Amino acid sequence: MRAPKLLEKMTHKIPSNHPRASSLIIREKLVDGFNRGIVVPQGLIAHGRGEAFDYLLGEKTTKYAYDAEKVAVCILLLSDKSAISINGNTAALCAKDLVKLSYVTKSRIEVNIFHRSVARSNTIARILRKEGSHEVLGVNTKAKSIIYGISSNRKFVDKEGIMDSDTVLVALEDGDRTESLVRMGKKVISVDLNPLSRTAIASNVTIIDNIVRAMPYLVETTKKIKNMKRSSLEKIVDQYDNQYNLDKSIKLIRGNASSKRR
Ligand code: ATP
Ligand code: MG
């Protein structure tokens with residue numbers, strides 16, 4: 001219980017009218033996650049890359065991100081079996097919403113970390129259970145299966161989770177594995193602030209948004225449209241063009257970068 005209190009103390013120090021308040025709170029959450037053994041130092045660096053893109057996007061969910069998020073929900077609702085892949089950064093930033101999303105979309109949750117450690121996986125799983133998840137995959141070493149063609153530790157997935165799913169939602173994912181999952185015929189939905197990353201390019205649906213904004217919106221949108229007819233959900237998916245959407249996000253970043261100081 002000490003750690004969340006400490007986080008509260010740190011975030012209270014950030015004045016709410018500070019122009020970068022939400023960005024600073026995210027940093028504090030990650031530092032807190034690092035201190036609690038959830039986030040690795042490399043995760044802090046990966047966040048820095050995302051943060052730079054978020055700055056260029058205006059630190060808000062764009063129209064194109066909202067569009068991709070709606071399509072992502074449709075795909076999750078249409079899937080037979082879906083899985084949400086969770087790593088240290090995503091657990092530190094939005095564990096509660098990840099668990100909520102798994103319930104409303106009936107997706108399984110899998111702890112899947114790049115810098116593998118049993119202790120860290122168990123810590124992340126514990127947090128997800130505390131947030132209400134009844135079944136956390138990725139922590140039973142006997143259920144491990146391998147994605148061929150990947151040399152890193154990301155090749156290990158749970159045979160009941162990512163391996164067995166037709167749709168996988170990933171965030172802060174590495175390009176190698178995204179490409180492999182797509183090659184395996186899975187629908188990959190990614191949340192990645194960088195529209196130029198290999199993950200962004202390879203995914204079927206790329207949400208160019210900060211995970212902390214994307215997750216609550218995905219939960220709310222699911223609640224709103226989960227009773228829609230399958231044919232209506234399919235229509236929304238069919239009308240969506242991920243490449244077009246990515247190009248629009250890149251154009252937006254280019255425009256923001258060349259405009260006068262905000
Ligand atoms: P790729 O391997 O796909 O080419 P990469 O090597 O640049 O990507 P990684 O380090 O593998 O990136 O993964 C981190 C990715 O997550 C980065 O693209 C970064 O923009 C993104 N990212 C970091 N923090 C966030 C966040 N809070 N929300 C969404 N995306 C984020
Ligand atoms: Mg990478």
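## Basis of the description

A residue is called buried when its relative accessible area is under 20%, exposed when that area is over 50%, and partly exposed in between, with a 1.4 Å probe and protein chains only; by this definition Arg177, at 0% relative accessibility, counts as buried. The model is predicted, so local features need pLDDT of at least 70 and side-chain atom pairs count only at pLDDT 80 or more, whereas totals for chains, interfaces and linings use all residues. Residues are numbered from 1 along each chain as its sequence is written, chains are lettered from A and ligands numbered from 1 in the order in which they are written, and side-chain values use heavy atoms, with hydrogens and water left out.

## The largest pocket

The largest pocket has a volume of about 750 Å³. A pocket is here an open set of points on a 1 Å grid over the protein atoms alone, where a 1.4 Å probe fits, with protein on both sides within 12 Å along at least five of seven lines, and lining residues have an atom within 4 Å of a point; the volume is the space filled by probe spheres set on the points, which are joined across faces, edges and corners.

The lining comprises 32 residues, and Ala46, Arg49, Leu172, Glu173 and Asp174 lie nearest the centre of the pocket. Helix H3 (41–57), helix H5 (88–105) and helix H8 (198–202) each contribute at least two lining residues, and H3 gives the most, with eight; helices (H or I, at least four residues) and strands (E, at least two) are DSSP runs, numbered from the N terminus. By class, the lining holds ten nonpolar, 13 polar and nine charged residues, where Asp, Glu, Lys and Arg count as charged, Ala, Val, Leu, Ile, Met, Phe, Trp, Tyr, Cys and Pro as nonpolar, and the others, Gly among them, as polar.

## Salt bridges

The structure holds 13 salt bridges, each defined as a side-chain nitrogen of Lys or Arg within 4 Å of a carboxyl oxygen of Asp or Glu. One of them joins Glu173 and Arg177 at 2.7 Å, N to O; Glu173 is buried, with a relative accessible area of 9%. In the bridge between Arg36 and Asp32, the closest N and O atoms are 3.1 Å apart; Arg36 is partly exposed at 35% relative accessibility, whereas Asp32 is buried at 6%.

The side chains of Glu131 and Lys96 also meet in a salt bridge (3.2 Å, N to O). Glu131 lies in the loop between helix H6 (118–130) and strand S3 (136–137) and Lys96 lies in helix H5, so the pair ties together parts that are 35 residues apart in sequence. Glu131 is partly exposed, with a relative accessible area of 31%, and Lys96 is partly exposed at 47%. Asp54, Asp209 and Arg213 are linked in a network of salt bridges.

Helix H9 (residues 211–225) has 15 residues and reaches 21 Å from its first C-alpha to its last, close to the 21 Å expected at 1.5 Å a residue, the expected span being 1.5 Å times one less than the number of residues. Its buried residues are Ile211, Ala214, Met215, Leu218, Val219, Thr221, Thr222 and Ile225, and what covers them includes helix H4 (63–78), H5, strand S6 (167–171) and helix H10 (230–238).

Ile208, in the loop between S8 and H9, is buried, with a relative accessible area of 3%. Not counting residues up to four places away in sequence, Ile208 touches several residues, including Leu57, Ala65, Asp192, Pro195 and Leu246, contact meaning heavy atoms within 4.5 Å.
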